[in-house]
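Here are some brief notes for a first look at this model. Please read them alongside the structure.

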Amino acid sequence: MSGFDRNGCPLSFGLGVRFHWNTQATRQARHMVTAWGMSDLGLASYESSGEDRFLGYELGQGRPYSEETARRIDAEVSRLLSESHAAVLERLSSARDRLDGLAQALLERETVGGDELVELLGPRPAR
């Protein structure tokens, strides 16, 4: 194993990107569940007020909910992350040929104009 992926990028770069994405995605999913009421747990907020938030403060404070609720929150966060990950993998897998074409064009020319981008990836999907 050389430490580089098939495109010559250091493998650690991919790990760093994955770590950053995991951290951001976990934070977002936890907010969805604990602050914004976007889960099967309902509209209740399970998040502390955010006052006096400095490193370690929340560790010394008790949670305003039970261990069972904490387990349910963790399960919801895990479910959201798993579903999102599966959806992203499906979208990337279904576009693999087009993305490989884009990567090859960028390796050859370093830049791709708008018209060529549409040619390589197809028109932008309607929202």
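1. Helices here are DSSP runs of H or I with at least four residues, numbered from the N terminus. The model is predicted: local features need pLDDT of at least 70, side-chain atom pairs count only at pLDDT 80 or more, and totals for chains, interfaces and linings use all residues. Residues are numbered from 1 along each chain as its sequence is written, and side-chain values use heavy atoms, with hydrogens and water left out.

2. Start at the loop between helix H4 (96-109) and helix H5 (114-121), where Glu110 is found. Glu110 has a phi near 70 degrees, a positive value in a residue other than glycine. Its relative accessible area is 69%, so Glu110 is exposed (over 50%; buried is under 20%, partly exposed in between, with a 1.4 Å probe and protein chains only).

3. Leu106 sits in helix H4. Leu106 is partly exposed, at 35% relative accessibility. Neighbours within four places in sequence aside, Leu106 is in contact with Thr111 and Val112 (contact means heavy atoms within 4.5 Å).

4. Next, the pairing of H4 and H5. Their axes come within 8 Å and cross at roughly 145 degrees. Axes are lines fitted to C-alpha atoms, for helices over the stretch in contact, with angles from 0 to 180 degrees between N-to-C directions. H4 contributes Arg98, Leu99, Gly101, Leu102, Ala105 and Arg109 to the contact, and H5 contributes Glu116, Leu117, Leu120 and Leu121.

5. Helix H3 (residues 67-94) also meets H4: the axes come within 5 Å and cross at roughly 65 degrees. H3 is therefore roughly perpendicular to H4 (65 to 115 degrees). Leu92, Ser93 and Ser94 of H3 touch Arg96, Arg98 and Leu99 of H4.

Notes: Helices (H or I, at least four residues) and strands (E, at least two) are DSSP runs, numbered from the N terminus. Angles under 35 degrees count as roughly parallel, over 145 as roughly antiparallel, 65 to 115 as roughly perpendicular and the rest as oblique.
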